[in-house]
Amino acid sequence: MCGIVGIVDAGGAAIQLYYALYALQHRGQESAGISTFDGLNLQKFKGQGLVADVFSTTVLADLKGSAGIGHVRYPTTGANLPENIQPLNFQFKDHFISIAHNGNLVNTAELRAEFEQSGQLFITTTDTEIIAKILINEISNTGWVEDAVHFCMRKLRGSYSIVVMIDGIIYAFRDPLGIKPFCIGKTENGYMVASESVAVDALSAKFIRDVKPGELVRIDGDGVKCTQIAVAGKRAHCIFEYVYFARADSIIDGVLVYTVRRKIGQNLFEEDPVKADSVCSVPDSGTAYAIGYAEASKIPFVESLMKNRYMGRTFIMPSQKEREKAVRIKLNPIPAHLMDKSIVLVDDSIVRGTTSKRIIEMMRDAGAREIHMRIGSPAIKAPCYLGVDMPTREELIASNRIEEEVRHSITATSLHHVSLDALVEAIGIGQGDLCTGCLTGCYPVQIDGEHAKARQIDFVDETYQSKLGTFEVGI
Ligand code: AMP
């Protein structure tokens with residue numbers, strides 16, 4: 001998890017980065033940061049908290065320059081420490097480098113050990129610093145960013161969408177399996193890359209296309225150049241982006257997330273129809289699914305849980321007790337809509353089971369007679385190592401329970417998770433091109449102690465010097 005953005009725009013980078021990060025806030029609420037290049041130096045500001053809390057107009061006015069990158073963080077590797085806030089900034093010889101990363105490496109420990117053996121020091125506990133070190137070392141060896149990115153793609157195992165700014169030029173690349181989303185947009189006076197298309201929309205920019213898996217995109221004042229570094233036989237787009245993580249109005253790898261969720265809702269009804277008085281969603285994550293269910297079933301969609309819009313995601317509360325209390329502050333049941341009614345309650349996923357259990361309890365207290373829970377993802381059976389913050393197997397309610405046991409535990413009248421086939425059908429990308437690790441326990445990259453179907457990756461060329469800038473972006 002995390003959101004990244006990079007921009008080169010003659011009109012100035014900082015304000016646009018700020019709005020783009022605002023649009024990506026759902027990808028990380030723990031910290032935010034922006035670096036810009038003013039032609040001579042790197043300007044930077046970062047802090048803990050939401051985008052709106054970290055940046056003020058004065059701060060943004062000081063972030064001068066037409067090029068810059070930004071990051072919102074939700075930690076997967078690396079603790080919640082001030083030094084881990086991104087972008088990470090480096091000075092190498094007389095070059096200024098700033099880097100931001102969305103994703104998670106699975107070979108962090110071995111890569112870090114290699115560097116430490118040769119006496120190199122680290123100032124953060126993130127995998128991003130390792131990527132920066134590999135890149136800088138290789139640029140120093142070969143003098144070419146393309147070669148350095150090629151080398152990186154050979155070394156790194158895991159998910160990475162990366163934006164790096166070197167002396168005001170933006171380089172963006174995406175892992176060969178395309179695990180995390182990444183796209184390119186045309187701004188008024190330049191170009192941008194961002195984790196999701198909603199950031200492009202926020203700047204009234206024009207969505208161009210996704211960054212291809214294994215591709216390197218270079219943006220400077222003259223425009224965009226793209227170079228394909230590596231190609232995988234099969235991709236592994238994160239299935240959970242479609243289920244929960246991405247904003248519903250984003251288009252990821254050619255697919256509008258809202259359409260996927262609505263279709264899943266329809267599939268949920270086809271798979272397990274039930275008679276009820278109304279369909280209700282757990283707002284906002286379950287809404288598109290509930291609308292799809294209501295359309296297919298012809299049961300009216302009635303909002304019976306009101307969300308307090310000024311509260312963050314309850315999942316990020318550190319303790320179980322706090323999370324349970326927070327659900328009540330975040331969601332308030334409407335007794336007039338629930339009294340003596342049979343309700344289909346739709347949500348995107350059950351992870352620990354805390355939220356669903358608490359919501360069902362509250363709805364029953366408010367008078368609901370039956371609560372038929374319908375879930376837009378199959379049961380989550382295994383942890384994620386590739387960038388979604390998922391608990392361990394012990395904490396996942398469905399990792400060692402069958403559906404009936406989960407139903408009993410959350411006290412629903414009935415429970416149905418959408419099947420993997422129906423989910424894949426709704427996304428419209430073949431299962432072989434999706435990462436389903438959290439649902440199947442089979443991962444697209446080798447992970448110690450886990451079952452994997454690692455994808456074959458081919459490298460397009462060994463040296464890029466002659467090709468630099470040959471590939472134009474397809475506008
Ligand atoms: P729970 O079953 O209590 O763990 O909460 C599940 C709810 O948390 C889901 O309905 C989602 O809306 C949300 N959720 C799912 N996965 C995540 C995640 N990785 N981080 C934050 N929230 C999540």
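Tyr242 and Leu423 touch the most other members of the largest nonpolar core, a set of 51 residues. A nonpolar core here is a set of buried Ala, Val, Leu, Ile, Met, Phe, Trp, Tyr and Cys residues joined through side-chain atoms within 4.5 Å; buried means under 20% relative accessible area, exposed over 50%, and partly exposed in between, with a 1.4 Å probe and protein chains only. Please keep in mind that this is a predicted model, where local features need pLDDT of at least 70, side-chain atom pairs count only at pLDDT 80 or more, and totals for chains, interfaces and linings use all residues. Residues are numbered from 1 along each chain as its sequence is written, and side-chain values use heavy atoms, leaving out hydrogens and water.

- Leaving aside residues up to four places away in sequence, tyrosine 242 has contacts (heavy atoms within 4.5 Å) with Ile252, Asp253, Val255, Val257, Val260, Arg261, Tyr289, Ile427, Ile429 and Leu434.

- Between the C-alpha centres of domain 1 and domain 2 the distance is 33 Å.
- Domain 1 brings 15 residues to the contact and domain 2 brings 12 residues.

**The ligand**

- The ligand is surrounded by 17 residues, of which Asp347, Arg352, Gly353, Thr355 and Asp389 are the closest; a residue counts when one of its heavy atoms lies within 4 Å.
- Both α8 and α13 (354-365) supply at least two residues of this shell.
- In the side chain of tyrosine 244, an N or O atom is 2.9 Å from a nitrogen atom of the ligand.
- For arginine 352, a polar backbone atom sits 2.7 Å from an oxygen atom of the ligand.
- The protein buries 95% of the 500 Å² that the ligand exposes when taken alone, using Shrake-Rupley areas with a 1.4 Å probe.

**Glycine 428**

- Glycine 428 belongs to the loop between α15 (420-427) and β24 (434-435).
- Its relative accessible area is 62%, so glycine 428 is exposed.
- Glycine 428 and valine 255 are 173 residues apart along the chain, with their C-alpha atoms separated by 7.9 Å.

Key. Helices (H or I, at least four residues) and strands (E, at least two) are DSSP runs, numbered from the N terminus. A polar contact is a pair of N or O atoms within 3.5 Å; within protein, one must be able to donate a hydrogen and the other to accept it, and residues adjacent in sequence count only if both atoms are side-chain atoms. Domain bounds come from an automatic or database domain assignment.
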